[in-house]
Amino acid sequence: MAKQEKQAIDVDRVDKIVARHASREGALLPVLKEVQDLVGYLPEEALKRVALGLGLSLSRVYGVATFYSLFYTTPKGKYVVRVCESAPCHVQGAPEVIAAIERELGVPFGETTPDGRFTLEMVSCLGVCGVAPAVMVEDRVYGNLTPETVIAVLQEYR
Amino acid sequence: MRLFRAHVLVCAGTNCSLKSNKAVQDRLVREVERRGLADEIKVVETGCFGLCEQGPTVVVYPEGVLYCRVTPDDVPELVEEHLLKGRRLDRLLYREEVPAAGAAVSAGPKAFQTVPEMNFFRGQVRIVLRNCGIIDPESIEEYIANGGYEALGKAITAMTPAAVVEEVKASGLRGRGGAGFPAGLKWEFAAKAKGDTKYIVCNADEGEPGTFKDRLILEGDPHAIIEGMALAAYAIGATQGYVYIRGEYGLSIDRLQKAINRAKEMKLLGRGIFGSKFDFDIEIRTGAGAYICGEETALFESLEGGRGEPRLKPPYPTDSGLFGKPTAINNVETLASVAQIIANGAKWYRGFGTERSPGTKVFTLTGDIVNEGLIEVPMGITLREIIFGIGGGVPNGRSFKMAQSGGTSGGCLPAALLDVPMDYDELAKAGAALGSGALLIMDDTHCIVDIARVFARFFMHESCGKCVPCREGTFRLHEFVENATKGKATPQDLQTVHALARTMALASLCPLGQAAPVPLLSTLQYFRDEYDQHINEKRCPTGTCRGLATPAKALSAAGKGA
């Protein structure tokens, strides 16, 4: 049942978002972003409404939705934890920070904790390399992390 | 106008905002009010000051005293001591380590210096960053007071579009996004292209690991981008501009949007700018997390609402770019240089830098370096001057092993090349690139093969998958390096990797695949012995690669032993 509830989307509101952007050139990305903010992710039904509203094929809309790392076609946890493991973070101790996060959350990268609280993701670069190693939880970035401080950060979201 | 006896500048760049700068600023304002100093002392929120490692930073003018790692709890004492009693608060002062000539930094005595005296600033020439950390980025008045929009006024009222193109051409300004193509020439092509509708696009999809200059320019001086784009639009005959910013750069998007709104209110954007017939407007579009969209044609695809996959060139963007129209696309830093060139002239600009790479370059210093952060220096300065002069050297008494220039797609330079001049052509000769201006410094505790694995994994992850050489090649390069870190690579693999790298460089559709082998090849060129140790002797000299034998000496040196 819980799964079905998640699938139910507010079609009217999705249509309104589409209508507001429909006249803009290249509207698909801004539309998908707003729809995801509304629904939490991009379920197939929402993609169909977007395709219909913008006069695009569903395959094109799906292709775009799955291309970008900030779009999700499956439900994600309440908080997305984005961990940078690019070279500048790596050099400043990211491997130890990552090991601590994996131990704390108990799930590998790309997966969501069983309680639905955290989705753990590896990302390429958060652009705050001056305070590496860095982690982003939802919209907030945390820098100069150690295995100890990153656990404290995650505790804030428990 | 009110005059203040002191200005307290609080850095509000992203890196400092991760360290509770806002709480420091709020506390400062409250404390200044509580002590009845609000008429005498002004607290200003600025863009990035550059010393990210030391943040949050607070600078008190007129003296130029820099306080570091300030916490909200430090504020009452800071106000009492410095602003009330006129004494410096010793324990928060920035102290520069002064290395003896040629020596490692760890031993030298420490000295207090004001901002203008600091090694960190003395070696810098700030043209692009001239307002960063100085003005309130959310105040158009402060930008104008510091000479802002004068260049645009001059261009529109006293110069023809062709004259603007000529001036930028004469300045020798080259694209700061990495490729180094002459900006004036790009504008000339776009200006001469046939078509009524043309676009100017600002590439702010800064995704190169180790690079955060565009973010901090956008946060610290957003009006400089608007003015640069308006100048470009006037020069090529565009009426609409787009800024494509990474979706992760929330503060940049916010500050730029506020700046655009203010510029519109002041009629510096919109219809009939400066009473002329020149109309120009700017719209922000945000990315959705794809490194490849920093490539210009992939960026167009994304802006048009598609998958960010690069197009085949030609046609070049200046003939057929965004929505198939002639488009000039420039990097943030390039556009931030333009207003200064128009205001002061090409000859002035050529007074900085080298003959073939005039002007200044913004670098971001990361890794094992004392002053991690943001700097701007004349082109042609040596790597040694940047790292050991401005950067303060390698911390913890370790020695320098290598620097990667230009981000993850750049080449790695060993100690023997520390005196290479940092400009487009000299770096290319050394097998590296100026690229985005990222400088990642590594000390002798790091394993070359392990870091090459990190580079390779990045490209495997970020390849868009459109063309085979890149999609399959990045996967195989990563496989090779990962095997090497586990002692499973063979000498035969090395030959295969070289052949594969050549194929990728020649046959990949865009610079991502063409550049993906560069970091691997440069580490093979300069640190071949370390690869041989991993491959032939199954041994990791730094003890980083677990599962391989490690000499006891390396274990204790790296602090990894029992």
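Reader: Does Ser86(A) count as buried or exposed?

Author: The relative accessibility of Ser86(A) is 4%. Buried means under 20% relative accessible area, exposed over 50%, and partly exposed in between (1.4 Å probe, protein chains only). Ser86(A) therefore counts as buried.

Reader: What kind of model is this?

Author: Residues are numbered from 1 along each chain as its sequence is written, chains are lettered from A and ligands numbered from 1 in the order in which they are written, and side-chain values use heavy atoms, with hydrogens and water left out. Local features need pLDDT of at least 70, side-chain atom pairs count only at pLDDT 80 or more, and totals for chains, interfaces and linings use all residues, since the model is predicted.

Reader: Which residues of chain B does Ser86(A) touch?

Author: Ser86(A) sits in the loop between strand E1 (79–84) and helix H6 (87–91) of chain A; helices (H or I, at least four residues) and strands (E, at least two) are DSSP runs, numbered from the N terminus. Contact means heavy atoms within 4.5 Å. Residues up to four places away in sequence being left out, Ser86(A) touches Ser124(A) and Cys125(A), and also Pro209(B), Val454(B) and Phe458(B).

Reader: How much area do chain B and chain A bury between them?

Author: The contact takes 55 residues from chain B and 37 residues from chain A. In chain B, Leu18(B), Ala288(B) and Arg307(B) lose the most area to chain A, together 17% of what that side buries. Buried area is the accessible area (1.4 Å probe) that two parts lose on being put together, summed over both. Of the total, 56% lies on carbon and sulfur atoms, and the two chains bury about 3,400 Å².

Reader: Which residue of chain A meets Arg457(B) in a salt bridge?

Author: A salt bridge is a side-chain nitrogen of Lys or Arg within 4 Å of a carboxyl oxygen of Asp or Glu. Between chain B and chain A there are two salt bridges. In one of them, at 2.3 Å from N to O, the side chain of Arg457(B) meets that of Glu85(A).

Reader: Which element of chain B supplies the largest share of the side that touches chain A?

Author: Several elements of chain B each give at least two residues to that side, including helix H1 (14–17), strand E9 (281–286) and strand E15 (438–443). The largest share, nine residues, comes from H17(B).

Reader: How many bridges pair strand E11 of chain B with E12(B)?

Author: E11 (residues 360–367) and E12 (residues 373–378) of chain B are joined by a hairpin through five residues. Two strands pair if DSSP finds at least two bridges between them. One bridge links Lys361(B) with Val377(B) in E12(B). The antiparallel pairing of E11(B) and E12(B) runs over six bridges.

Reader: What is omega for the cis peptide bond between Pro314(B) and Pro315(B)?

Author: Most residues other than glycine have a negative phi, and most peptide bonds are trans. Pro314(B) lies in the loop between H12 and strand E10 (327–331) of chain B, and a cis bond with omega of about -5 degrees joins Lys313(B) to Pro314(B). For the cis bond between Pro314(B) and Pro315(B), omega is about 5 degrees.

Reader: What is the phi of Phe274(B)?

Author: Phe274(B) is in the loop between helix H11 (250–265) and E9 of chain B. The relative accessible area of Phe274(B) is 37%, so this residue is partly exposed. Although Phe274(B) is not a glycine, its phi is positive, near 55 degrees.
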